Amino acid sequence: MSDILIQVNQLTKTYNNKNSVSDANFSIRKGDIFGLIGKNGAGKSTLLKMIAGFIHPTAGDIRLFNHDVDSNHTYFERIGVLIEQPGLYPYYSGYRNLELIAISYGLKDKETHINKVLSQVGLEKDKDVKVKNYSMGMKQRLGIALALLGNPDILILDESINGLDPEGIVDIRHLIMELNKSGMTIIIASHILEELSKIATRYAVINQGEILEILSRDELLETCEERIELEVDDIKQVLPVLEQYLDVQTYKVMDSKSVHIFDTHVEVQQVIKLLSKNELSIHSITKHKQSLEQYFLERTGVESVGVSND
Amino acid sequence: MISMIRMEFSRFFTNKMMYILLVVFMAFQMFGAFMNAQFETISPISGQNVVDITQSEYMQMILAQSPSWVMLYIGIFTVSFYMSEYNNGFHKNFISMENARVQIVIAKLLVLGMFTLLMFVIMIFTDFVGRAIFFENTNIGDPLNFIKIIVGQFLLHWAFVAVVLCITMIVRRMVANIVITVLLALNVIGMLLSALESLIHDGSITSYLLINTITSPMDYNNTGDFLHVIIVALVYFAVATAISVRFKQKEDLH
């Protein structure tokens, strides 16, 4: 229980009698890279803004570091936040923007702190350039630098890799991994699912304000892995045959009648032919191959249809 | 708290608009003194030619003119100072800190109080120099009365800033806020209510309106008048600050 940094219970936010987030329940453990996945308007930013203390929940509660934040707002200070666009003064330089925040935090050796975060995001050379002359990617990097300035325990990044070039995305990915290795817990929301799949250790799928599913990286990989799903009368009879004649070695027995075969060299036709030849009946056999994108579209798409029918 | 105030003052002293407003204000005050000398303006307070009146009376006369340029300058600066932070979303970088919502309102009021003070310093200095050059008159009148006018009017203007800040925070639209500030500086509402009051009865409730108090010349040596000014300033300042703090604490920041 002690390694849970964020605990969200029945969290709801209502605007004009419409739930932007409804009854969200989840927890984030120390060291997690928590990927929040959802379409535009799904409620990701609203949820993250509530966790960051920007907006007040209509109902439910948030516990940070095992403390109720309603009674003590100090815990919000341990969260670095970059939600949507970074908040920057365009007519100040990158350094000056960081300096103002360093002053507000009361940092003693602010120059060292600022140079450290500038170096982390690769903006040392452009620190004296006015922000209005920054590219989109540079602004995002500066936003991450601002979020890192207070040396937070938790970093919230919402669509933070938007506008970055491929090289920039790789740099930020490495930075996130590095920060995570150093013990920082990270929550990241993004549309770029492929990127998320490379870094997140846990995922939450959100649609129309509701958390549809929370799954670990292993569960996600398993769901999206290429496999043959076979259902028979008795798996105990089938497995020796498959092992002997098709050299099936990687599989997972789901129950007494079904098995998932992960060996990519095995084809569906081969399995049907083999089991027929051995007079073993097949109830069903399907080839499962699903991309990460398909998986999330399926999750969020099904929900959308359900709501539109109401 | 101190850190937040330091941040706001750091931003204030590097704000180019602040220096531009002060220089423009200084130039117009000097020009005003020149024009008053040229056209032999009569003071509405004593009925004397302005070249012969004291600095105390001249200051009251300037502050009673409609539109009030001091109120316009400090009002527009207030809107600009708050909205630049709000529109750029800079508050998102520090608002999660404990008590940041309260501290940022107080820090802003202190910064805007400093700007109001600078406006008064510029006004007193420029009027003094302008009167010396164009009126050949450096008489400030009764020094105690002069100090009371400065203190009273400064507090009233600071309260005005608190009201404008409160409205700006609630309205959150740059253009709408500027329009409201101009209407306040023109004292449109005060004049309308005063007219209505005079139609209904002979009371003096509207004399307790903030901008009516700012624009009404008073005898600051009279304890009743001086207390009237101080009480109006403190009440408006306290109410506007309380509403601003409460609003900021409850505000959802997007």
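pLDDT is the predictor's confidence in each residue, from 0 to 100. Keep that score in mind, since what you have open is a predicted model.

**Stop 1: confidence along chain A.** Colour chain A by pLDDT. The chain averages 85, and 96% of the residues score at least 70. Now select helix α2 (residues 94–105) of chain A, which has the highest mean among the elements of that chain, at 93. Then jump to helix α10 (residues 292–309) of chain A, where the mean is the lowest, at 57. Over residues 302–310 of chain A, pLDDT stays under 50, and the model has four contacts beyond four places in sequence for this stretch. Where pLDDT is low, the predicted coordinates should not be read in detail.

**Stop 2: where the chains meet.** Select the contact between the two chains: 24 residues come from chain A and 19 from chain B. On the chain B side, start with helix α1 (residues 2–13), which gives the most, with six residues. Colour that side of chain B by residue type and you will find seven nonpolar, seven polar and five charged residues.

**Stop 3: the nonpolar cores.** Next, show the largest nonpolar core, with 131 residues. Among those with the most contacts inside it are A:A145, A:I156, B:A162 and B:F160. Helix α6 (residues 143–171) of chain B supplies the largest share of this core, 13 residues. Centre the view on B:F160: leaving aside residues up to four places away in sequence, B:F160 touches B:M71, B:I74, B:L210 and B:I214.

Last, pick A:L230, A:V238, A:V259 and A:I261. These are among the 11 residues of another core, which lies apart from the largest one.

Technical notes: Residues are numbered from 1 along each chain as its sequence is written. Chains are lettered from A and ligands numbered from 1 in the order in which they are written. This is a predicted model: local features need pLDDT of at least 70, side-chain atom pairs count only at pLDDT 80 or more; totals for chains, interfaces and linings use all residues. Two residues are in contact if their C-beta atoms, placed from the backbone, lie within 7 Å. Helices (H or I, at least four residues) and strands (E, at least two) are DSSP runs, numbered from the N terminus. Ala, Val, Leu, Ile, Met, Phe, Trp, Tyr, Cys and Pro count as nonpolar, Asp, Glu, Lys and Arg as charged, and the others, Gly among them, as polar. A nonpolar core is a set of buried Ala, Val, Leu, Ile, Met, Phe, Trp, Tyr and Cys residues joined through C-beta atoms within 7 Å. A residue is buried if 20 or more other C-beta atoms lie within 10 Å of its own, exposed if 12 or fewer, and partly exposed in between; C-beta atoms are placed from the backbone.
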